[in-house]
Amino acid sequence: MYLAAILVIGACAFVLHIATRVAHLSQASGDVQLPPVVPGARMLARWSAVVLACAMLARLLAQGYMVGEGDMGMIAPMLRTTVWGWGWLVGAASTLLIAASLFLRRGHRAAWRVTVAGAIGLALSFSLTGHAASAPKPMLFVMLDCIHVMAAGGWLGTLLVVTTIGLHSVHELPVEQRGRAASELINTFSTFALVCASTLVATGFVAAWSHLPTVSALWQTHYGQALFRKLVVIALMALVGAFNWRVIKPRLANADTIPLLRKSAAVELTFGLAVVILTAILVGTSPPDSDDAMPAMSMHAASISPLTSPSFPIPR
């Protein structure tokens, strides 16, 4: 679910930001006509939307099974009376909006802007169904978590589209133009990625501070240990990104550097995939501040309380 959402966000950022600022990608761009790379980005986003829809449905069924202890009849009241249910409904509506904009409208930049609106709603859904909704100041932390998700998609998702569709478009150019085109593509992406990465670090720090009562909780609690593992992988990913920025990017005027860039980007994306997996584990782990705040209760009571915003799975 997270991976599909990141890819949708990345495809939107590539089409609306990167492709309009790179000369060889924007030659055919306009109010209606879009660059020739857009069909590939749209296809990637469409498949991501399909995966996202399936994952959203599977998550609802799994959550309903957990809440009802096998009684799937608890899904309806869960959707009506819990913050988690309301958040899921926001995500379902956003997924439908994303799918409609990607499948029903073609060749219009406005359709991609609608997809962005759906992606923002989807990020908000993740925040409402995660730990942010149970933080001391839920509205603030839900908004910060929503920004965190969008920044992650802007970094990781756009990186994937740039290294596949973007660099493929460079390879189709005459040899003497490839170095300059690759340099322009990566320079445009680097500026955008730095903004996303900085936003990701800032919002992630605030989220960690809100859930960890002490620094020692980082290694003394299950949630802290899961967060620490994620931070280590993010640091490794940042090192690879810094290598790309400081070492490879200045050499891109030489087209022979492009294969090295592809390999380095593949390593960065591998770390990015690990980050997504660790994030899913982190969301499924109860923060230490919720252990005392949510004592053992029946699953039925947890499911009908309008103040309950359980992550998956619900702590028992």
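Leucine 104 sits in the loop between helix H5 (83-103) and helix H6 (109-128), and that loop is a handy place to start a tour of this predicted model. The average pLDDT of the protein is 83, and 87% of the residues score at least 70.

**The overall picture**

- Of the 316 residues in the protein, 50% count as buried.
- Take the contacts between residues at least 6 apart in sequence: 75% of them join residues at least 24 apart.

**Where to read with care**

- Residues 29-33 have a pLDDT under 50, and the model gives them 10 contacts beyond four places in sequence.
- Over residues 290-316 the pLDDT is also below 50, and this stretch has 52 contacts in the model beyond near neighbours in sequence.

**Leucine 104 and the nonpolar patch**

- Leucine 104 counts as exposed because its relative accessibility is 68%, and the cut-off for exposed is over 50%.
- Together with Met43, Trp47, Val50 and Phe103, Leu104 makes a nonpolar surface patch of about 560 Å².
- Which helix gives the most to the nonpolar patch? That is helix H3 (residues 38-67), which contributes three residues.

- The 21 residues of H5 should span 30 Å at 1.5 Å a residue, and the end C-alpha atoms are 30 Å apart, so the two values agree.
- Buried residues of H5 include the tryptophans Trp84 and Trp88, the glycines Gly85, Gly87 and Gly91, and also Val83, Ile98 and Leu102.
- Ala92, Ser94, Thr95 and Ser101 are among the buried residues of H5 too.
- The cover over the buried residues of H5 includes H1, H3, helix H4 (75-81) and H6.

- Helix H11 covers residues 258-283, and its 26 residues should span 38 Å at 1.5 Å a residue; the end C-alpha atoms are 37 Å apart, which agrees.
- Among the buried residues of H11 are Ile258, Leu261, Val275, Val276, Leu278, Leu282 and Val283.
- Ser264, Ala265, Glu268, Gly272 and Thr279 are also buried in H11.
- What do the buried residues of H11 pack against? They pack against helix H1 (2-18), helix H7 (138-171), helix H8 (175-211) and helix H10 (222-248).

**Two single residues to look up**

- Valine 206 is found in helix H8, and its relative accessible area of 25% makes this residue partly exposed.
- Leaving out residues up to four places away in sequence, valine 206 touches Phe141 and Leu144.
- Valine 206 and aspartate 145 are 61 residues apart in sequence, yet their C-alpha atoms are 9.3 Å apart in space.
- From serine 26 to valine 37 the separation is 11 residues in sequence and 9.3 Å in space, C-alpha to C-alpha.

Terms used. Residues numbered from 1 in each chain as written. Predicted model: local features only at pLDDT ≥ 70, side-chain atom pairs only at ≥ 80, totals over all residues. Heavy atoms only, no water. pLDDT = per-residue confidence, 0-100. Contact = heavy atoms within 4.5 Å. Helix = DSSP H or I, 4+ residues; strand = E, 2+ residues; numbered from the N terminus. Expected span 1.5 Å × (residues − 1). Buried < 20%, exposed > 50% of the residue type's maximum accessible area, 1.4 Å probe, protein only. Patch = residues over 30% accessible without salt bridge, like charges linked within 9 Å, V, L, I, M, F, W, Y side chains within 5 Å. Areas by Shrake-Rupley, 256 points an atom, 1.4 Å probe, with all protein chains shown as cover. Salt bridge = Lys/Arg side-chain N within 4 Å of Asp/Glu carboxyl O.
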